[in-house]
Amino acid sequence: MRKLLLIPLTLFIGLVVFLAVGLQRDPHQIPSPLIGKPAPAFDLPTLVEGQRFSPESYKGQVWLLNVWATWCVSCREEHPVLVAFSKANAVPVVGLGYKEVQSQEPEYALPDDQKLAFARAREQRYLTRNGNPYQVSVLDMDGRVGIEYGVYGVPETYLIDKQGVIRYKHVGPVTTAILNEVILPQVRQWGGA
Amino acid sequence: MMRANASWRVAVLAALWVGALWGMTGARAESAQPLAENPVVERRLVAIAEDLRCLVCQNESLASSRADLANDLRREVRGLIVQGKTDTEIKDYLVARYGDFVLYRPPVKGSTVLLWFGPFALLGLAVVVLVWVLRQRARATPAQAPGLSEGQRQRLDQLLKD
């Protein structure tokens with residue numbers, strides 16, 4: 001009889017452990033279905049007027065796509081980390097300026113070309129002031145490319161291999177620890193740097 | 001579900017009404033979205049989006065969320081409806097980008113078996129344990145009524161006879 005009493009206790013402890021593990025997990029870390037799939041193609045204007053960028057041109061190298069915006073607060077947190085990373089490593093980082101001009105800003109009502117020029121100037125100013133970790137910066141004004149990549153919270157960082165396949169995705173600001181312990185080993189695994 | 005639909009209809013009607021009033025006075029709200037250009041499309045949009053999760057505010061449906069991303073995704077879904085895509089195609093489009101997590105009704109497959117059938121398995125287990133315990137007890141009771149000493153039992157018999 002004594003032993004039988006242990007059964008509910010064991011079950012209860014099991015339940016507590018199960019729920020405790022569940023509580024420790026971050027519901028904002030959603031596994032991306034794009035891992036192992038080709039990175040969606042796009043063709044977007046860069047910060048340099050008249051220039052455009054497409055991921056196609058980075059075939060043959062391992063690179064990072066960092067989704068950011070000047071209005072994004074946690075991007076400010078990761079920015080110096082990315083600057084240091086880009087100085088120390090030969091891994092190209094491409095910046096995707098996600099919806100730089102937000103719908104609640106007065107400039108949102110500007111015609112598209114003026115809005116683009118405004119976004120360009122603001123991102124350029126930010127990068128001049130805080131350092132520029134990006135080899136290329138592109139502007140995704142309406143967020144459509146973001147949707148193709150399954151972006152749901154800036155900043156996000158994607159690792160894309162030589163064949164143009166997404167190998168890793170990090171949601172939220174990257175830290176030096178994540179870069180050195182998770183991203184760099186992955187870069188090496190896929191033959192980069 | 002029915003109540004949610006009804007309140008949505010009321011909300012859309014109210015929005016249309018307010019919009020009409022605004023139009024009449026010539027005032028323009030700067031964030032006014034083309035809410036119901038085509039009522040058929042809007043109805044389908046709401047029906048689909050109610051089964052989808054907003055990824056920013058995870059306890060809200062895509063239909064009711066006011067997050068910026070939800071707005072953009074509704075715009076995309078609206079576009080797909082206009083293109084004549086089926087509900088399944090539209091859901092597949094979102095799942096391909098955001099995973100099963102966008103669905104409030106995840107599909108039955110290897111990784112979701114526990115989610116779908118776990119509660120029934122637990123219920124079954126509980127019933128089995130309950131039946132077993134009740135049987136054990138039924139077998140144990142008549143032999144020796146617990147808690148009564150010999151003297152008490154004699155007194156009880158005495159009382160019952162009187």
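This is a predicted model: local features need pLDDT of at least 70, side-chain atom pairs count only at pLDDT 80 or more; totals for chains, interfaces and linings use all residues.
View 1. Residues are numbered from 1 along each chain as its sequence is written, and chains are lettered from A and ligands numbered from 1 in the order in which they are written. Helices (H or I, at least four residues) and strands (E, at least two) are DSSP runs, numbered from the N terminus. Strand β6 (residues 156–160) and strand β7 (residues 166–171) of chain A run antiparallel and are joined by five bridges; two strands are said to pair if DSSP finds at least two bridges between them.

**View 2. The open sheet of chain A, with five strands in mixed pairing.** The strands follow the order β5-β4-β3-β6-β7 of chain A, and the edge strands, β5 (136–140) and β7 of chain A, each pair on one side only. From one strand to the next, the twist averages 20°, where axes are lines fitted to C-alpha atoms, for helices over the stretch in contact, and angles run from 0 to 180 degrees between N-to-C directions. Strands of a sheet pair through backbone hydrogen bonds, either parallel or antiparallel. The pairing of β3(A) with β4(A) is in the parallel sense, over five bridges, and Val67(A) stands opposite Leu96(A) in β4(A). Helix α5(A) packs on the sheet, where it touches β6 and β7 of chain A, and its direction makes about 165° with that of β7(A).

**View 3. Helix α2(A) and its bend at His79(A).** Helix α2 (residues 73–88) of chain A bends by about 35° at His79(A), and a proline, Pro80(A), follows within four residues; the bend at a residue is the angle between axes fitted to the seven residues ending there and the seven starting there. The buried residues of this helix are Cys75(A), Glu78(A), His79(A), Leu82(A) and Phe85(A). A residue is buried if 20 or more other C-beta atoms lie within 10 Å of its own, exposed if 12 or fewer, and partly exposed in between, with C-beta atoms placed from the backbone. What covers the buried residues of α2(A) includes β3 (63–68), β4, α3 and α5 (176–189) of chain A.

**View 4. Gly153(A) and Pro155(A), both in the loop between α4 and β6 of chain A.** The peptide bond from Val154(A) to Pro155(A) is cis, with omega near -5°. Gly153(A) counts as partly exposed because it has 16 C-beta neighbours inside 10 Å. Leaving aside neighbours within four places in sequence, Gly153(A) is in contact with His28(A), Val171(A), Gly172(A) and Val56(B), two residues being in contact if their C-beta atoms, placed from the backbone, lie within 7 Å.

**View 5. Lys99(A), a residue with positive phi in a loop of chain A.** Although Lys99(A) is not a glycine, its phi is positive, at about 45°. Lys99(A) is found between β4 (93–98) and α3 (112–130) of chain A, and it counts as buried because 24 C-beta neighbours lie inside 10 Å.

**View 6. The contact between chain B and chain A.** Chain B gives 16 residues to this contact and chain A gives 13 residues. On the side of chain B that touches chain A, the elements that give two or more residues are α3 (68–82) and α4 (87–98) of chain B, and α3(B) gives the most, with five residues. The residues of this side of chain B divide into eight nonpolar, three polar and five charged; Ala, Val, Leu, Ile, Met, Phe, Trp, Tyr, Cys and Pro count as nonpolar, Asp, Glu, Lys and Arg as charged, and the others, Gly among them, as polar.

**View 7. Helix α6(B), which lies largely in the open.** Chain B has six helices and zero strands, and buried residues make up 13% of its 162 residues. Of the 12 residues of α6(B), the number buried is zero, so this helix lies largely in the open. Arg155(B) lies in helix α6 of chain B and counts as exposed because it has 12 C-beta neighbours inside 10 Å. The C-alpha atoms of Arg155(B) and Asn38(B) are separated by 86 Å, and the two residues are 117 residues apart along the chain.
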